Amino acid sequence: AGIVTTVLLLSTGLLLAVALSGPVEILHRRKVPRPIAAGLVTVVVLSLLSLGGYLLLPELAKQASQLSSALPSALSRFGGRIEDLASRFGVSVTGGETPSASTLAGWGRPLLGGALGLFKSAASIVLGSVVVIFVAFYLAASPNPAVNWVVRLFPPDSRPRALYVLADIRASLLGWLVGRLLSMVIVGILATIVLHLIGIRGALVLGIFTALVDFVPYVGPIVAAIPPLLLALVGGPLDAVWVLLAYVAIQQVEGNLITPLIMEKTASL
């Protein structure tokens with residue numbers, strides 16, 4: 001777990017460094033020293049994030065509390081409906097392998113508690129944030145040592161080509177990352193609006209969750225739809241159908257319209 005966490009933090013720091021490198025390069029071309037440019041960009045980004053957190057934190061905390069109490073109940077009712085459906089076909093689920101309502105609720109509580117525990121641990125959040133910010137700032141402020149270390153892995157006659165390819169990779173990755181972030185923001189906004197209109201609890205939290213997991217192709221959209229579907233089942237099957245149709249529509253719009261249009265501009269695809 002420690003190795004996975006370390007790799008995840010370093011990878012996140014690398015992606016953030018690539019994102020910072022765009023505005024840092026713009027300032028550096030205007031004769032601003034790279035360390036100062038990286039510091040200014042980092043301060044601006046952290047200020048914007050802090051302002052957004054200050055404005056949204058009370059509502060996010062409220063909705064997160066609602067979700068922590070509503071999801072186990074939704075799991076329990078979902079298990080109850082499985083039992084009812086199975087009993088109609090003469091299948092017993094109390095002693096077999098099919099999970100019952102109490103079993104699902106029992107699974108849901110520790111899983112939910114563990115997931116929320118990741119966000120409740122202030123020490124882990126602060127430590128992880130410090131590592132990510134330090135890696136991103138260091139690479140954005142002084143990329144040459146890291147680049148030269150990678151280039152030295154190649155034979156001397158291939159190093160100029162390797163340096164050119166690395167620069168091309170950075171530019172392409174920056175364009176892709178900007179496009180991906182824009183697509184995630186749009187998906188998150190659409191999901192929040194749709195869930196609010198349907199009447200699902202914690203629409204803002206679920207919308208942010210949808211935007212974050214949308215970064216992972218294929219699997220992310222499926223994972224994002226599970227919590228709102230469970231909550232919708234509490235209100236009735238019709239709400240669940242609306243949520244399912246809404247998420248399918250959002251992913252179709254993203255995959256066939258939003259992402260191609262954005263990537264055409266940002267990554268020249």
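Is the crossing of H6 and H9 left-handed or right-handed?

Tutor: The model is a predicted one. In it, H6 and H9 cross in a right-handed sense. H9 covers residues 237-266, and its axis lies 9 Å from that of H6, at an angle of about 155°. Angles over 145 degrees count as roughly antiparallel, so H6 is roughly antiparallel to H9. By class, the residues in the contact of H6 with H9 are 18 nonpolar, six polar and three charged.

H6 also packs against H5. Here the angle is about 130° and the axes are 10 Å apart, which makes H5 oblique to H6. The crossing of H5 with H6 is again a right-handed one. From H5, the contact uses Val147, Val150 and Val151, and from H6 it uses Arg159, Leu163 and Leu166. Five of these residues are nonpolar, one is charged and none is polar.

H6 gives the most, with six residues. Sorted by class, the lining has 15 nonpolar, three polar and three charged residues. H6 therefore links the topics so far: it packs roughly antiparallel to H9, lies oblique to H5 and supplies six residues to the lining of the second largest pocket.

H7 spans residues 203-213 and H8 spans residues 219-235; their axes come within 8 Å and cross at roughly 160°. That makes H7 roughly antiparallel to H8, and the crossing of this pair is right-handed. On the H7 side, the residues in contact are Leu206, Phe209, Thr210 and Val213, and on the H8 side they are Gly220, Val223, Ala224, Pro227, Pro228 and Leu231. The contact of H7 with H8 has eight nonpolar and two polar residues, with no charged ones.

To return to the opening question, the crossing of H6 and H9 is right-handed, as is that of H5 and H6 and that of H7 and H8.

Conventions. Residues numbered from 1 in each chain as written. Predicted model: local features only at pLDDT ≥ 70, side-chain atom pairs only at ≥ 80, totals over all residues. Heavy atoms only, no water. Axes fitted to C-alpha atoms, helices over the stretch in contact; angles between N-to-C directions. Helix = DSSP H or I, 4+ residues; strand = E, 2+ residues; numbered from the N terminus. Parallel < 35°, antiparallel > 145°, perpendicular 65-115°, else oblique. Left-handed = near helix turned anticlockwise from the far one by under 90°. Contact = heavy atoms within 4.5 Å. Nonpolar A, V, L, I, M, F, W, Y, C, P; charged D, E, K, R; others polar.
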